[in-house]
Amino acid sequence: MIFAKHELGFNFYKDEASFEKIKGCDNYPEDFYYEIFVLAKSTKNKQIRTECANIIKKQAPEALQLAFKSRKKITLIEDSSSFNKKLIAILEYGVLSEDLDLFKLFTLVCGHLTLSLEYAKKEIIEFFIETPRLLSQFNGIKELSISTSRQKEGFSSVVNNITQLTSLEKLELDIDYKYIPEELERLVNLKEFILEAPNLVWVPVGITKLKALKKLEFRGDFRFGDDDPNPNIVNFTWLTELTSLKHLRIGSFTVQDLSGVELPASLKELELFRLENLTALPETLGHLPKLKKLRLSGMESLEHFPASVSEFKTLEVFEAVYLSKLKKVPASFIFGPNIKRLLGFHTEFMPYGETPVTKLKRIVFTHPELLSFVLDNALSFTNLKEIEINCDAPKRRSAHTLSAFKKLKNLKYRLAHHLEWVLEGIHECKKLEDVLVFGIYDATNAKMTNADVANFPQAFSRVKHLQTLRVHRAKALVLNTDYLPIKTDSLTITDIKVIEPGVEDFEVNHIKVIDTPITALQKFYSVIRAKKMKLGDENRVKNEILDFDNFKDPENIKNFIFNTNVKGLDKALKALCNLQTLTIDFNKDNAEQNNGLTAYTHHNLKNLTIKNFNGNTSVIKLLLEHTPHLEFLEIYDCVGLADLPKITLNKLKTLKLFYSDDIQSIENLTVPNIELFKVLSCDNFGYDAMVTASHWKTLKFLWLESISKDVESYPETIADLNLDTFFIDGCYAKRQIPKWIGKMKSLRVLGIENFRRSPLPEELAELTQLKIMSIRGCDFSEQVSDKFKNLNLEDLIYRYSKFNGNNMKSSKYYALAGNKLLKEDFDNRYEKYNLYC
């Protein structure tokens, strides 16, 4: 979509400022009658409206005076239907005045240089049908899209006015008529034309005279329909007259022979698709001097290419999809001097003839014969950097393996029986960086699998270093760690049968295991050097007691999830001396394991998560005393912690209490540098605990969700905090939204959700610095004050509340939005708002 910009920054939403700007210009009012017209039809300022109306009635051109007789106003509300309302008003003005410049009004009111009638409102279409000339009054727009498939028969008269829009640069026409306007040559500025016409009888001569046309897509069906190919259009010799054409897409026709068609020499990209009866391509195809990309698909009758394709000099990309009868292609064509990418999908062609040294950098093998050919001629493929093997093994072994491709960087390898020999010597590819080994790569196409392959390729064991290795979706695969590269920066193993620890050391910076069990965790830890590990839920309920003294280089581990036998935690913290992040998942059913956690002070630990604890405060106190440099602490689903321990954590910045109903008091905790405090679903977290938090003067972020239902109010001392973000909810409680929030001038983000029986305090309208406000799930009992129009919100979130217009007058909720578009939820809330942390 192309947007219009007014040279003076005219904005009828800012009526007073815009009016003053145009009044200050030398040629006022003569050069600004259309701006004055828009203000007269939209402003709520009575003085401006009167002054503008008098100018239009007494001085403006007759076209504007006639249009002004309409009583239709221009809405100032921005919502999902406002665009249609504005366009309807513009069309009503145009009906009254045939000389009115609707394009100028359209750009002033809607801000677009683009008009779409594809899925327009019924009322809009009826305007155009009743007064077809309206379309010609939009001359000046750059882009137009029209779909006739859903319109009444009378809409054809509207389409005939397209040729009046001489400023068009892009036209998208989905038409189910037999004819289109003849005088298309009048569109002298047209650069892009997308024509979908399943019933078109002939191509008008005017198309051949579009000398500025750079891109043409001509379809004999609708993109999102199930139409049969167009049977009428079989002559495409006219294409040669489009001498500026660079991109051409043609498809869904029953044409059988294109051999006599001479395509424009200017072409850079060509795509032919769904030509199911086609048996012959243009004979001169290979003589196109600038063609860089060729894509052919859905040509089930095509058996051969014209001889000229062997002479291609410029082609860089060739893609062939669903060419089932095509069996042989010249090697000099698909491996030509400039080819960089070759893709054949559901196509099993074989190259023949001399194979030149090619610049091809990427290739996907979808059938074994092509794999054999490339390996046999490996010396001609010295530039290959990306290889994907997605086929069964060839019937015979080639003289070369992948080791011949010395520039290889990225390898995708589908597991297949008898294909291991292809990987022999892979360690000789010194530039290899990223490898994906998969059973099923695309879950939507489960047929592409050899799920019973059980052995991981041993050839990788000789690779000294990989940046990335992914092993993905192979239900029968057993991976012995001795087969892994000696060192890998990032190793991800997903959904295979099992990992078996070997005996050789291997090194990774980051390992992630998902939906895959490890047979012996202790043995696994004794052979792996890793800085960060995530071993997944499949490995959390092991009964073995880990011996941390026998870990391989435990000083390298910086992130650890402790989800086995908690008795070894003291040894863990001693052995993992450089640990920075630790998650302790306790055994709730064995409280004795909580005793004697540690006697070792861990100075490097910064992030600690405690889950499923079942014990008393003294045990947690002991643990926190030995981790004095914590910056992040999360207590999750714990039992027995009525009071947080008496302890000082000088460096703690983030504290989270989640799903721990026993917690009632935090007054013993001293946190002089706390910045973020979040409480979620702690049913006994009450008023006194909130008072304690309100004394933490360094807080910037306070989140109180699903706390005690018995709390009737929030302590006003919270208002003294210098918060950036504040969230409260009234779910299942009788609490009211505090009026004192209006005093919190530092707030940028405010969430007040699920308050069912509370008014929205007028005092909150004083938060003019507020950028984001969420009122989801609210049922406000009183009229929303007009003072909320003074807010400068960037986003207002209102989902599931009575701000959706169905059960509350728009005057109530639009006062909050300040005429901005309402949102139902946070878009990209994790990144944009940092709200749900």
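This note goes through selected local features of a predicted model, taken point by point.

1. Helix α6. Helix α6, which spans residues 102-110, is mostly covered, since eight of its nine residues are buried. Those buried residues are Leu-102, Phe-103, Leu-105, Phe-106, Thr-107, Leu-108, Val-109 and Cys-110, and they pack against α2 (33-42), α5 (82-96) and β1 (114-117). After the helix comes Gly-111, whose phi is positive, near 75°.

2. Ser-18 belongs to helix α1 (residues 15-23) and is buried, with a relative accessibility of 3%. A polar atom of the Ser-18 side chain lies 2.7 Å from the backbone oxygen of Asn-11. In the loop between α1 and α2 one finds Pro-29, which is joined to Tyr-28 by a cis peptide bond with omega at about 5°.

3. A search of the whole structure finds 31 salt bridges. One of them is formed by the side chains of Glu-271 and Arg-295, at 3.5 Å from N to O; this pair links distant parts of the chain, with Glu-271 in strand β7 (residues 269-273) and Arg-295 in strand β8 (residues 293-297), 24 residues apart. Glu-271 is buried, at a relative accessible area of 14%, whereas Arg-295 is partly exposed, at 25%. Both residues also belong to a network of salt bridges that links Glu-217, Arg-219, Asp-221, Arg-249, Glu-271, Arg-274, Glu-276, Arg-295, Glu-319 and Arg-341.

4. The pair Asp-553 and Arg-529. These two residues form a salt bridge in which the closest N and O atoms are 2.2 Å apart. Because Asp-553 lies in the loop between β20 (528-534) and β21 (559-562) while Arg-529 is in strand β20, the pair ties together parts that are 24 residues apart in sequence. Both partners are partly exposed, Asp-553 with a relative accessible area of 23% and Arg-529 with a relative accessibility of 24%.

5. The pair Glu-716 and Lys-743. In this salt bridge the closest N and O atoms are 2.9 Å apart. Glu-716 lies in the loop between β29 (701-705) and β30 (725-729), and Lys-743 in the loop between β30 and β31 (749-753), so the bridge ties together parts that are 27 residues apart in sequence. Glu-716 is partly exposed, with a relative accessible area of 44%, whereas Lys-743 is exposed, with a relative accessible area of 53%.

6. The largest nonpolar core. This core has 260 residues, of which Phe-318, Phe-560, Phe-685 and Ile-741 touch the most other members. With residues up to four places away in sequence not counted, Phe-318 touches Leu-294, Leu-296, Phe-305, Phe-333, Ile-334, Ile-339, Arg-341, Leu-342, Leu-343 and Phe-349. Among these contacts is Arg-341, a residue that is also part of the salt-bridge network described in point 3.

7. Ile-486. This residue is found in the loop between β17 (466-480) and β18 (487-500) and is partly exposed, with a relative accessible area of 44%. Not counting residues up to four places away in sequence, Ile-486 touches Ser-461, Val-463, Lys-464, Phe-506 and Glu-507. Ile-486 and Glu-62 are separated by 424 residues in sequence and by 84 Å in space, taken from C-alpha to C-alpha.

8. Positive phi at two asparagines. Most residues other than glycine have a negative phi, and the two that follow can be inspected with that in mind. Asn-612, in the loop between β23 (607-611) and α13 (617-625), has a positive phi near 60° and counts as buried at 18% relative accessibility. Asn-754, in the loop between β31 and β32 (772-774), likewise has a positive phi near 60°, but it counts as partly exposed at 23% relative accessibility.

Conventions
Residues numbered from 1 in each chain as written. Predicted model: local features only at pLDDT ≥ 70, side-chain atom pairs only at ≥ 80, totals over all residues. Heavy atoms only, no water. Salt bridge = Lys/Arg side-chain N within 4 Å of Asp/Glu carboxyl O. Helix = DSSP H or I, 4+ residues; strand = E, 2+ residues; numbered from the N terminus. Buried < 20%, exposed > 50% of the residue type's maximum accessible area, 1.4 Å probe, protein only. Contact = heavy atoms within 4.5 Å. Polar contact = N/O pair within 3.5 Å; in protein donor to acceptor, adjacent residues only side chain to side chain. Core = buried A, V, L, I, M, F, W, Y, C linked by side-chain atoms within 4.5 Å.
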